[in-house]
Amino acid sequence: MMLREPYGISELGLGKIFPENLFVAKDIIEDLEKLRQSALQAGFSLKVESAFRSFEKQLSIWNRKAFAELPLLDKNGELIQKLPENEEEMMYCILFWSALPGCSRHHFGTDIDVSDASAVSENYEVQLTPQECNGIFAPFHEWLSECIASEKSFGFNRIFEPGRGKIQPEKWHLSHLPTARKIQDSFSIDTLKAIYEKTDIACKNAIIENLEKLLDEYVYPYFI
Ligand SMILES: [Zn+2]
């Protein structure tokens, strides 16, 4: 059974995966291991690079970016020299590379970022970039695309596809749709707004004022 928070899963609904030592929703573990086996048979070593991320963790990333404790990058991945002048500008600036706390699909526990460990050496640092997907991990992603197209991906699907919403395409991000949909169904803008009101979050006023629009751009287009 899944235990839900207003924006995702409660930590009680999580289980650990190995060898990564990361947490995902317990309900997806069996299918994830099947996908891993299937990858192995095709000559790939599916590695989960990131999985569940808590609201608090995302909040910490968000606030550190807003207070320049983490680098703020423009759409080309270059460091922004001139800091945004108002909350709204800052909010959209952070949103280019980071999800709004409470709106990350990594809160669901059903979504993972994957790579192919067999394609790189042990000390290679995975970046999760389009360049990698079209380069060193291209055969793995082609195999994944085929699995998804032929419905042999055990419920996993790509979410951040071109043309859906304002989030950059991310081939490496997979969602276990049958489980994610249960969480999507209980997602509530009113609850989220109430959470922001009592949370110490940077750009708070801009977020609350623009919440409907933000969800239309960054959240709902991906509720497939
Ligand atoms: Zn992701």
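Okay, so let's start with Asp113: its bridge partner in strand E6 is His173. Keep in mind that what we're looking at is a predicted model. Strand E4, residues 111-116, and strand E6, residues 173-176, pair in the antiparallel sense, over three bridges.

And which strands make up the sheet? It's an open sheet of four, in the order E3-E4-E6-E5, and the pairing is antiparallel.

Next, have a look at helix H6, residues 177-185. H6 lies across E4, E5 and E6, and runs at about 80° to E6.

Okay, zooming out to the whole chain. There are two pieces: domain 1 is 11-53 plus 104-186, and domain 2 is 57-99 plus 188-224. Their C-alpha centres lie 24 Å apart. How do they touch? Eleven residues of domain 1 are in contact with nine residues of domain 2. On the domain 1 side, the touching residues split into three nonpolar, four polar and four charged.

Last stop, helix H3, residues 87-95. Which of its residues are buried? Met91, Cys93, Ile94 and Leu95. And the cover over those buried residues includes helix H2 (55-66), helix H8 (204-209) and helix H9 (211-218).

Definitions and conventions
Residues are numbered from 1 along each chain as its sequence is written. This is a predicted model: local features need pLDDT of at least 70, side-chain atom pairs count only at pLDDT 80 or more; totals for chains, interfaces and linings use all residues. A residue is buried if 20 or more other C-beta atoms lie within 10 Å of its own, exposed if 12 or fewer, and partly exposed in between; C-beta atoms are placed from the backbone. Helices (H or I, at least four residues) and strands (E, at least two) are DSSP runs, numbered from the N terminus. Two residues are in contact if their C-beta atoms, placed from the backbone, lie within 7 Å. Two strands pair if DSSP finds at least two bridges between them. Axes are lines fitted to C-alpha atoms, for helices over the stretch in contact, and angles run from 0 to 180 degrees between N-to-C directions. Domain bounds come from an automatic or database domain assignment. Ala, Val, Leu, Ile, Met, Phe, Trp, Tyr, Cys and Pro count as nonpolar, Asp, Glu, Lys and Arg as charged, and the others, Gly among them, as polar.
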